[in-house]
Amino acid sequence: MAEPILNVKKDTKGYTAAVPSIEILSYVYEKNLPGSSQTFNDIILNLQDVTKKIFAKHKPKPKEPKSGAFNNCNGRWGEYVFGAYAWNYLVDVNLNNQNNDRYVYVKLPTNNSTTKKSISNIWTSLLIESQRIILSGFEKDSNDLQVKEFGHKAFKLCSSNPDAVILKFENEECKELGIDPLKKLDSLEEGNIELIDSIFEKVRGAVSIEKNIQCFLSIKTSTRSDRRYQFIHEGDDIKAMIMLLCTKLPLGVGSIPKFCQKRFYAFSLDRVSEADMDTMETAMTACISSPLIDPIWCVDKLFECLKPDDVVKALESILQS
């Protein structure tokens, strides 16, 4: 692969360029995955060093990216490396399965605004139509009398997506969806990154809460600056929607609180603190408003994954629990 091309622009202070994070990831790991015993921190620092060298060689030379410019890149790099190892672990599980079940890792797109495109990227767009209808029926628009009365424009379900979800399909369903759950990734070249990104669209509209969802995953390169509370928000939001669907539809899940357990896991690619772990004991808000409900935690467990090997161990413990 050729060295990534920078989109250099000139302003009043000189030349600048955004970091082409995906191109750099593919450039560095075109022929292999990062080592499983390398730390995520070292992997990310290596990608930063390569980026700085590309910037330094470019003519005209743009300003070297500082730490702030790498913030989004670091998370994106960590998520793709995590995703590649998670994908390959699930392939191993599928190859060893004696039954027809196939686990699929689905990287979820970013949902950080209310634009039309972002609305279509909400994880609930994965659900079958009958379940999406229940969720959309919960919402109210500006024509609703209560919305008008209290001075709002809408009443809706809106949240940031977690980073991924593990789904379970039968082998024939995977074939129909155009997914090969037995094919490993040997690198992070562009085609493999496109494969990881493509699964969301392939399973859109094909997922049933009660049949296909194994668990959601939220991944952060750091839990500093109270980022740990995004884990809580995402887990609480997802479990509330699961609870709503189980309440409104005859899904045959048995105990709804029990069904909501083991559905949301958090991952830190850096050291976690005692405060991080304590925060994971937070109750789902439904348990506060309805204290007779059995305890449900927003986050079922926080894993400290310092290297890709730790990702495999964490997922192994999740699938075996």
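Me: Why is Glu79 called buried?
Reply: Its relative accessibility is 19%. Buried means under 20% relative accessible area, exposed over 50%, partly exposed in between, with a 1.4 Å probe and protein chains only. So Glu79 counts as buried. This is a predicted model, where local features need pLDDT of at least 70, side-chain atom pairs count only at pLDDT 80 or more, and totals for chains, interfaces and linings use all residues. Residues are numbered from 1 along each chain as its sequence is written, and side-chain values use heavy atoms, without hydrogens and water.

Me: What does Glu79 touch?
Reply: Leaving aside residues up to four places away in sequence, Glu79 contacts Tyr105, Lys107, Asp163 and Ile219. Contact means heavy atoms within 4.5 Å. Glu79 itself sits in helix H3, residues 71-96. Helices (H or I, at least four residues) and strands (E, at least two) are DSSP runs, numbered from the N terminus.

Me: Why is Asp42 called partly exposed?
Reply: Its relative accessible area is 41%. Asp42 belongs to helix H2, residues 40-57.

Me: What makes S3 and S7 edge strands?
Reply: The open sheet has 5 strands in the order S3-S4-S5-S6-S7, with mixed pairing. Strand S3 (101-107) and strand S7 (301-304) each have a single partner strand, so one side of each lacks a neighbour in the sheet. Two strands pair if DSSP finds at least two bridges between them. On average, neighbouring strands here are turned by 25° against each other, direction ignored.

Me: How do you know that S5 and S6 pair?
Reply: 5 bridges join strand S5 (residues 213-220) to strand S6 (residues 264-268). The definition asks for at least two, so they pair. The two strands run parallel. Leu217 has Tyr265 as its bridge partner in S6.

Me: What makes S1 and S2 a hairpin?
Reply: Strand S1 (residues 8-11) and strand S2 (residues 14-17) pair in the antiparallel sense over 4 bridges. There are 2 residues between them. Lys9 stands opposite Thr16 in S2.

Me: Why is H10 called mostly covered?
Reply: Of its 21 residues, 15 are buried.

Notes
Axes fitted to C-alpha atoms, helices over the stretch in contact; angles between N-to-C directions.
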